[in-house]
Every structure is written in C-alpha cells, then in structure tokens.
Amino acid sequence: MIKAILIFNNHGKPRLSKFYQPYSEDTQQQIIRETFHLVSKRDENVCNFLEGLLIGESDNKLIYRHYATLYFVFCVDSSESELGILDLIQVFVETLDKCFENVCELDLIFHVDKVHNILAEMVMGGMVLETNMNEIVTQIDAQNKLEKSEAGLAEALACAVSAVKNMNLPEIPRNINIGDISIKVLNLPSFK
Amino acid sequence: MALKMVKGSIDRMFDKNLQDLVRGIRNHKEDEAKYISQCIDEIKQELKQDNIAVKANAVCKLTYALALTWAIFLQRVGYLAASQCFHEGTDVIMLTTNQIRKDLSSPSQYDTGVALTGLSCFVTPDLARDLASDIMTLMSHTKPYIRKKAVLIMYKVFLKYPESLRPAFPRLKEKLEDPDPGVQSAAVNVICELARRNPKNYLSLAPLFFKLMTSSTNNWVLIKIIKLFGALTPLEPRLGKKLIEPLTNLIHSTSAMSLLYECVNTVIAVLISLSSGMPNHSASIQLCVQKLRILIEDSDQNLKYLGLLAMSKILKTHPKSVQSHKDLVLQCLDDKDESIRLRALDLLYGMVSKKNLMEIVKKLMTHVDKAEGTTYRDELLTKIIDICSQSNYQHITNFEWYISILVELTRLEGTRHGHLIAAQMLDVAIRVKAIRKFAVSQMSALLDNAHLVASSTQRNGICEVLYAAAWICGEFSEHLQEPHQTLEAMLRPKVTTLPGHIQAVYVQNVVKLYASILQQQEQAAEAEAAQEVTQLMVERLPQFVQSADLEVQERASCILQLVKHVQKLQAKGVPVAEEVSALFAGELNPVAPKAQKKVPVPEGLDLDAWINEPPSDSESEDEKPKAIFHDEEPRHVRRRQPEEDEEELARRREARKQEQANNPFYIKSSPSPQKRYRDAPGVEHIPVVQIDLSVPLKVPGMPMSDQYVKLEEERRHRQRLEKDKKKKRKKEKDRKGKHRRHSSLPTESDEDIAPAQQVDIVTEEMPENALPSDEEDKDPNDPYRALDIDLDKPLADSEKLPVQKHRNTEVSKSPEKDEVPVVEKKSKKPKKKEKKPKEKEKKKERERKVEDLDFWLSTTPPPAATPVPSMEELSVNTVTSPKDESEGPKREELEDEEDNTEHDQERKSSRHKKKKHKKEREEKEKKKAKRKQPEREHEQEEPVQNGAAEEEEEETLPPMSSYRLLAENSFIKMTYDIQASLQKDSQVTVSVILENQSGSFLKNMELSVLDSLNAKMARPEGSSVHAGVPVPFQLPPGVSNEAQFVFTVQSIIMAQKLKGTLSFIAKDDDGATHEKLDFRLHFSCSSYLITTPCYSDAFARLLESGDLSMSSIKVDGISMSFQNLLSKICFYHHFSVVERVDSCASMYSRSIQGHHVCLLLKKGESSVSVDGKCSDPTLLSSLLEEMKATLAQC
C-alpha cells in the first residue's frame, strides 16, 4: 500500500499532498515538514530510500526522487517493491510532462486539480491502478475533452470561489483584480 | 461617509438572499446559465463589500451554487475536494450515499470513475455496506476502465465492511483472469494486499497465481505475485519447492532490475522456509548471493542498498554463503551514504566468527571515532554490542578484550546507550566467572575516573556505566586489588551529582566493599585500620542520607545505622567482619528474564484469596514482613540466606525506626541538603586523589583493546603451534598427504580456536517445571484481523451483500435489486444467488479443494511449466504463438506424465474443448487488441452463484458467457443475452452489446423487431407497433456499449424466434451511409427460468405432490467431468443444485410464470441421463431439447 504521496519544492513548500490514510490537518502538516527535513538533507548521489521514519508503522519507507526544483516522495509499506515505486514516480513525472507539455513547478501550482486527476488515474486508495503511461494519458485526455465541453460554469464558479478565498485574507496582494476576469458560460444543459 | 453607508444598506435590501437565488433559478428555465452567471457576478460584488452580513449571504449563495454544480458539472472538483478533506469522521458523508450511488450508475464511465476514486478516499463502514453490491455490479462492467477501479476499491470496502469479503471473493478471483491487463493487475493488487495480512486463507489460490506468474508479462503484476508468494511460502514449504525453478528462470531471463530483485527476495524466502539440508538448493543460494553481489557492486546507490537489504535476509539462514562477501560489506561501511552504511552494519552482525570478530570490531571502533552525527555513532555502538553479545557471546574468545572494548566505548560522549554498555558489563561479569577479576580491576579504574565519564554533561547517558561499575566492584569485591581506594572513590562527594538510581547502587555496594575490607583487615588483625574504614563510612554516608532521592536516602540511613552499630562493637573489640559479610553471603546466578512469569502456580493455591482476613489495625503485625520485603526489593533477583540473621536485622530495623523517629531531618526535609553536605566532608573533596589514575585508561595513542588483540593473536598462534605439534605426533602414523594439506591451510576453522578464558557462561536459571512460553496476544485493534476469513468455506445462506431496496423504475438494471422481492415472495426460505446447496456437499467440495491443492503441490516439480491441468489450458491458449513451439516437447512430456494421474478424464475433456475454444480465443484476442471488452457476464448467470462452480483449480471451465452472437457484419457485431425477472411474469429484458468493428462512427442506431402474437417489444408510449426503438448511444470506432430492450411474452412454454433489423448511419471521412443488419432473436425456454434455490425437503415435497409431468433424455459420448457439467447446466439453463451425491444431482429452477422445474442428472460411463419433472409438459420438453443441445457439446 502507498500511504502518502507528497510533492514539495526545494524550499519545502508543498505542491501536492495526498494521504491515503486519514490524518488530521496538523499531522499532515507535520509529516510534510518532517519529510522535507529528512529528504532535503540528503545528497544527490545517495540512495532514494529512507526507512521507517514517517507515519506510524515501522515497515514504512520513504521512496523519493528529486527533479529540478521538486521532490516527489512516496511513503509506502513493505508490500510495495522499492524499485517498482521508483519507476512509478518516473511514470508519474513523465505523464505530467506529457499532459502539461514540459511540466514545471508552476503547472503544479496552477493546475492542482489536474495533477490530482492524473494521480487518481495512477494510484487509487493507496493501490496502484495503472502503470501504463499511454493508457493514463488517453484517459486524461478523454476526460479533459469532456470537461472542456462543460467548462463554462465551472470556470465562473472557480472565480467566485477564489473571490471567497481572497475575502478574508488581508495578506494577499491587493493588486489581484477579480473584477477583470470575464466569465463565459457555454452550452449549459438545462436544470431539471 | 454616512451617506455612503446608508446607500449601502439600502442597496442591500435589494440584494438577493438564498431563497431569491433558488427561486430565480427556477424561474429562469430558459436561460438558467445566463441567470447563474449573472448571480455569480453579483456574488462577487457582494463579497467585495465590507459588510459582514452581505458577505455571509454571498458565501451562502455560492455554496448553493457549488452544491448544484457538484451534482452536474463539477463532479470532478467535488469529488476531489471531498477526497482531500473528508475522512471517516466527517458527518456529511452520511448524506452522500445516494449521490454516490447515482454517480456510480452514471452512463459516463468517467463520472463513475471519479465517484469510485473519490469513494476510495473516504469510504466508511456505512458507505461500504450500502454500496458494496453496487460496486460488485461494477466489477463486471463492460468498460475495463470501470472494472479495474471497481476491483481496486473492493479492498477498501473489505477493510471497512469485512462481511462483504466472502460474497465478493468469487468474483474477485474471477477478475484475476480478466482479459484486460489493467483489471487483472488490479485484482492481483487487491488479493496480494489481502493475502499479506492473512496469507493462510489464500493458499488455495496458489495454483492460479502460479499460472499468472508463468504467463504474465506485466512486470508490475509479476512483482506483486512474486511478493505474494514470498508471503505464502512460509506456510507451505512444498509451494516453495515448486517455485524455485520458475523463479530461477526469471532471475536468469529478466532484464528488469526490480523484477530480478523481487525474485531474489522470494527465492530467499523460499530457502528460508525450506529445511536447509537440501543439497540442490545451495545452487539457488549461490545464484542469489551472486546476483546480489552484482547489485551491491553497482554504482547505483539504490541497487546497492537493496542488495545489502536482501543479503541480510539470506544471512539469517545461510550465514556461510554471505560470509565470503565480507570484503564487499566492509567496503560498504566506508560508503558516503548513511543508509548504506547502516545496512552494511546489519550484515556484519552475521558475518563475524571467532576468527574475525576482533578484526571487525576494531574496524568498527575506528568508524566510531570518525563518525560524525550521534545517530550513526549510536547505531555503531549498538551494533558492536549486538555483534559481540550474539548467541551467548558465541564468538568471543577473549573476554578481557571485550571488557576493554566496553570500557573504551564509555569514552563516547553524548551517546544514549550508556545503559546498553552497562548491561553488557554486568552480564559478562556475572556470567563469565573467569573474567571477574579482570572486570573488577577495570571497573575500579572506571570508578576512580568517574569524573571523566560523568563530568561533561549530567544528562548524557554514559554515566549509566557507573551503575554497572559500582555493582561489579561491590559484588565481586574479593577480587579488588585495592578495595580501600575504590571505597574512597565511591564515597566521593561528587557522587551525589549522579542520578538517584546510580547513587542507590553506590550506597548498597559501598557496604559490600566495606564488609570485605573489614574481613581482610580482621584477618590481618589490623583493628586500627578497620576502625579507620568504619570512621570513613560514618563520615561520608550522611551525604547520601540527605539525598533528595528516596531510595538513596533510605538505604543510606539504614546503612549508616548499621555502620554506627559496627563502630560501637569495634570499640568494644568484638570481631564483626563475619557478621557484616554474612549480610551479603551467597552466590548470585543470572535468572532468565521471563523466569518469574513462568513459575507455575502450585496446585490448590488461590492467589486472589486472602491468606488472613485483612487486619483492621495493621501497625504492629505488619512491621516484620514489610521490612523483609523492603530489603529484598531493590536488588531484583537476589538470593540470600536471610534466615541466619533475620532476628538481628529486625532488631536493627527497629533501632533505625527509633533513630528515624528522633532524627529531625527524617521527618521534615532539610532546607538545603546540598549545602549541608558541602560543609560536612571538609577537605576530602579536594581533587588531589583523582590525579592518581590507573594506567590503562590514560594511554592516549593506542587504545588498550589493541593490546588484547595482539595478545590474543599471539595466544592463538601458540595454540595453533601446539595443536599442530600434537597432530603431527598423532598423524605420524597416518597417511601423510592428507595431513599436510590440512596443516598447511593458513586459516583455521572456528572450532579450532579455544577461548582464552575458561568461559563458563552460566545459562540463565528457569524455575522448575516452567510453563511453556505464553504466546503474545495479537493486537486486537488490528483492522486487518477482521479480514482473517476462511474463503474456502462455501457461502452460507445468510452471507450476502445488503442490497438497497427501492422502487424499480427502470427495466431490470441490476438483477440483485430485482431479486429482492423474491425473498419476500418466497416466504421464509432465505435465498439469493449466493445461497448454496446442501451442507454435506459443501463439505465435500471443500475437502476436494484441499486435495486439489495438495495434488498441485505434491507433483514433483518438473521444468518451469506446470503439470496443473488448468495450466494446460493456458498453454493451449498460446499454441498459436510461434515462440511456443520450442516448448512443445516439454509440454508433451508433461502431458505424458499426467496421463498417469487420476485426472486423466478431466484433462481429456479440456483438451477436447480446446479446439472449440480456440476460435473464441482468437476472437477475444482480436478484441483485446482493440482494447475493449464485449463480454459481460451478467451476475445473475454467473457460475459463481451455484456453489458447484466454485472450485476451479484443477478443472477450470473456460470463462462462460451467456452472451450469444446475434448478428455481425463489417460494421457492427451484436451479442445478446436474455434476462428474466420474477416480478414481471411476462417480461424479459434483452441486453444487446453493440460493438463497432469498423473505422466509421455509428449513429442513429435503431432496433426494430417484427412482433409475433406471443412476443412483443416494449416501445415508448405513443409510438406505432412497427416503429423501431432507438439505441440510446452512438458508437465511435472500436467502442462497444450495451443497450437493453424489454419484451413482453405471453406464453413461455415454447422457444421462439423474432426477426428484427438494426438500422444505423455509418459516418466516416468519405461521408455517411445508411446501413442495415438483420438478425433473429432467439428466446429459449431456459431464458425464462430464474435460478431459484430450493431446499431438499421442499424439493422432495414438490416431487411427491404428483402434479408434475415427467420426461427424460439421454445423451451419449460425454467426456466432461460431472462437476463441469453441473456448472454448465447451472449457468446456461439457470438451475441450482439441490443435492449432489457422487455423479448424480438433483436440480431445481422456476420460470417467471411460476412453473417448477425439477431435474435429476445422472452420469454414467460416457453418457448423461436427465429426468425432468415440470408443471408444464411442453415447457419441459422444450427445456430438455435445449439441454440436449448443450450437453451434446460437452
């Protein structure tokens, strides 16, 4: 079983976190922090495994890869093959690369939902669902097409949601002008 | 400003609230979208205002808008959000069941997929229970995309709702052989995950997995299976034997490191499970070790790490084969990667022998010096101790050396493992009698230099060693060279800065020392000196009496009184040494840690019963036993002879009590004990004494353990020479050649080295007739325990998945739903698809299954391919592939071998079948290439339901499908199945799978059927009798989908055929053409039957009733096993087995119009006779005709 999948950058800023076991928000934060602490200390040319450090059980392992500015960390138990997971990380990154065309950290920031969707096609509930990259990409593309056709309202709502988010956060720079974002609603099916 | 505020509040009056929004949306039926976007604009404006109430209202509306979209557009986002923030405790989940169920049955595969993904993150026991049957249905979905997700999520469902495991397991097992590799991999994943926790329940799947292992090419699946085998082999050594061969082949052939590594790992697991005596397995070990060496030598750190990890597993059982790679391991110790160094350390543990222990430890000691970072150094320290102390100090030949190593280790600053070192010192000193003298001298030196150890930081753990040092010096004080000096060292004021428990040991052992000094001096008649020592004690002990630590205080004051008493006696010239040392007389033996627990309770002893009634006034009577208890407590395992001076002790205690009563310090704590004692000792704590250090500790350049290494080497050399001499003398008479070779060997085997000391490691004491070791209880909270379920046991009537009951609005979508009313109708009898025939039969089947596994396992392992009959089918599958040819002879051989087996018959039948199925398979493979899955077994017809089909291992039936070909042309292929349901006595549902075989886009499909008098197609209201029914989807190239049509049937006693046409428009780049495909829909009588369970007593009554007419048929030339015959009839004709005895079975089914059909199936040599009884003779004869056709194919 995969217990958690974390992506953070060189400075420890989490870019994606997916826990396949329920943890409280605080614990999750702590786990991310500690994991970053452990992983960031390590040299480039040491092995990619760390033992029994994170999350409870002792047979857990951290398996990670470092790409440019990002760390991809999988926390797995003994039922997973170490080298297999390393390959899986590679597949994940390559898939991201295909879906975003030269993926970079910013893609992960602005398209968190897409990253989650891609991940959901690979790993489900902590178990590996698909390892074939082409298959994953096909499914993602199909879903994106589908979504595009329904995208209109979604976009509008996303804007409104971001307005809510901005509402109570004084520290967010004021120069973000929400009013400028135009909202287009396309082909809405009628409600019933 | 004020004006603005007023304006704002007036504006607000016109703001919409939530009700307005909802009303508005409902009123704008035409242009909802526009309206919503307008509202969202408004919401945004409102959010920007500074009025809290407005904002709250806006958020409220937004939430509603989100809620709407959750259901419609933003399903993905909704589920994503839910999966990120919901967990088991989230209350909202309770409300989502229906939404999720709706999404699960959504026509879009992606909606369903998203719902499944989301569910996997937040499934709760309630959700699992409510949705289990829906997910079960999805496991047989036409789309592999859905199937694999549904299969995977079952694991989560099992975890939350263990009752679902048994009903769902047969289907899960079936998915192991799914044509889609993704689904297969998912099923393997789930079963591996299940089996990892409770492997024994999954042993029976071993043959199936074995087959997968030899056939699959997906590395991921292979790895999972191989890992699973690793978990299974410890339970079944025979399995291991079978595995070795194919695994070895894989190791040789694979290029994937991950696979290679897992293979090696599993081979290791196999080797561990086998008894090591197997000669031909040494090759396997060698192979593993050799491969691992390659990994370790690889420049990739990951491989190196894993190589070491696997190596350490081999080490446990086959240390010899690993030892030869010592060089490699030592090399890894110098690696810059800490993880690798730690792994290498693990390995060292098993690599040591008497011969190389010193060398290795020396190397480790240099690492300790170099190591930066306390964690790694601590790890080194524990490893050194582990290595040396393993299996009762087996490898230590020179304990002086070991003690000096331990002493050296005490110089480590800031280690957490002081107590470990201390424990080792104590253990060695107690258990190795010969070393005590040396140990005591070292310990006294340590005590002398206590400031070195304890100085730097109070909190560092290394001062624990003083605990051991003090105790050893006290207990074995007779070996001390200069007891007086040690005594003084132990009474230094600085001691009071040590932790309390160490001080307590000091105090206790000071008395032991004192006793032995007295003894010595009285023997030497130095009364003067003896009195001086006593004086010293009297002077110094008060510093402990003032200790804040209760233990120290109590012991000190007790001892102080004792010494004062001694002083009085000494003054009178009475010899006291004898009596004082009697306090500590007696030998001390190590006691096994569990000894106390294992003392058997003597017969007739009730530990809970009162010995005496609890006394009301305990003051005086209690005193004595309490005092004795106190004396015993501090030294946990002491055995003394307190009888001699018990009286005296009691007397002294009494005296102490009096003293304490008078002592003002005893009652109220003194204001500042520290200060007080500083005044007391006066000059004594000037550190002059401490300059007098013993030599060994101070040699700076050369660590002293090295001396012992050298000494030991010399000693061994001498020993060897002597031995050689002896041998020579002996062998003078023997043949010379052999002898020469022997003696010229530069290395000596372990056994040759005799330890330097007379090592009498005293074994730990156990009480007489100790109880057998009690097993540790498993953790009752383990969530996986609930899944420890026997899966081979046939399903019981009560085991079924709960099915939601609700109105049946549409034509039977899920037969499970349809069947719910059946239960109601048929009164008491519990039933459903999962119910079983008779108990007796279950048992039989079960036994059979076990035998099958045994049989599978017991066949002597022939080359890679396997003798399992079921596997043969597999090879048949691949006959078409050219590469198989090379394996041809091998297989033939196998078959020959098998011909001798009792399973001859079944095998023939399966061979018989192969031709028939070959075509099917080719077809299937073609389809697979197009990535689709046209065949869908409807759960109602599933073989699983009929218990009879439950066993598969040895004579697996080819996957049966009730879907038959309807019609086919170059554009489209139609397969269909007819399902009946009990509630609608004259309706059947025809499911048609339409598969686009062309490169064109198919649309406007319409199905028109020419109704007969008896059967009519249900059409939408208002349409004409001849109008076709549109197919509710379009087919892109290469896609298949399933459509359902309802037919009304008047009479069901005869089979009939309906003519029909499918018309559609095929559109490709060149344009669109109108196409047609004619077909004939065949309604067999069997399709009007519904599998209905029946108990044998009810069955008997039915037969006796006499209102059934009878008819029978007989079919010759049948080679198929009876078991498979039954399965086939159950599957294709919807019967259930009522009772089965040998090759005779009674079966029952029921038509949608309530006809009872009873069958008696008998199998002779090569024929089968079927006697049928039915309430309608025509129906019976039609049925028997159909059955005849089926049987003729067997």
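The legends below walk through close-up views of a predicted model. Local features need pLDDT of at least 70, side-chain atom pairs count only at pLDDT 80 or more, and totals for chains, interfaces and linings use all residues. Side-chain values use heavy atoms, leaving out hydrogens and water; residues are numbered from 1 along each chain as its sequence is written, and chains are lettered from A and ligands numbered from 1 in the order in which they are written.

**View 1. The elements of chain A.** Here you can trace 6 helices and 7 strands in chain A. Helices (H or I, at least four residues) and strands (E, at least two) are DSSP runs, numbered from the N terminus. Along the sequence they follow β-β-α-β-β-β-α-α-α-β-β-α-α.

View 2. Among the 192 residues of chain A, 51% are buried (under 20% relative accessible area, 1.4 Å probe, protein chains only). The accessible surface of chain A is about 9100 Å², with 51% belonging to carbon and sulfur atoms (Shrake-Rupley method, 1.4 Å probe). Of the contacts in chain A with a separation of 6 or more, 50% join residues 24 or more positions apart (contact: heavy atoms within 4.5 Å).

**View 3. An open sheet in chain B.** Follow the 5 strands in the order 1-2-3-7-5, with antiparallel pairing (at least two DSSP bridges between two strands). At the edges, strand 1 (964-968) and strand 5 (1015-1017) of chain B each pair on one side only. Neighbouring strands of this sheet are turned by 30° against each other on average, direction ignored.

**View 4. Strands 1 and 2 of chain B.** These antiparallel strands are joined by 4 bridges, with strand 2 covering residues 972-980. Look for E968(B) opposite K973(B) in strand 2.

Terms used
Buried means under 20% relative accessible area, exposed over 50%, partly exposed in between (1.4 Å probe, protein chains only). Axes are lines fitted to C-alpha atoms, for helices over the stretch in contact, and angles run from 0 to 180 degrees between N-to-C directions.
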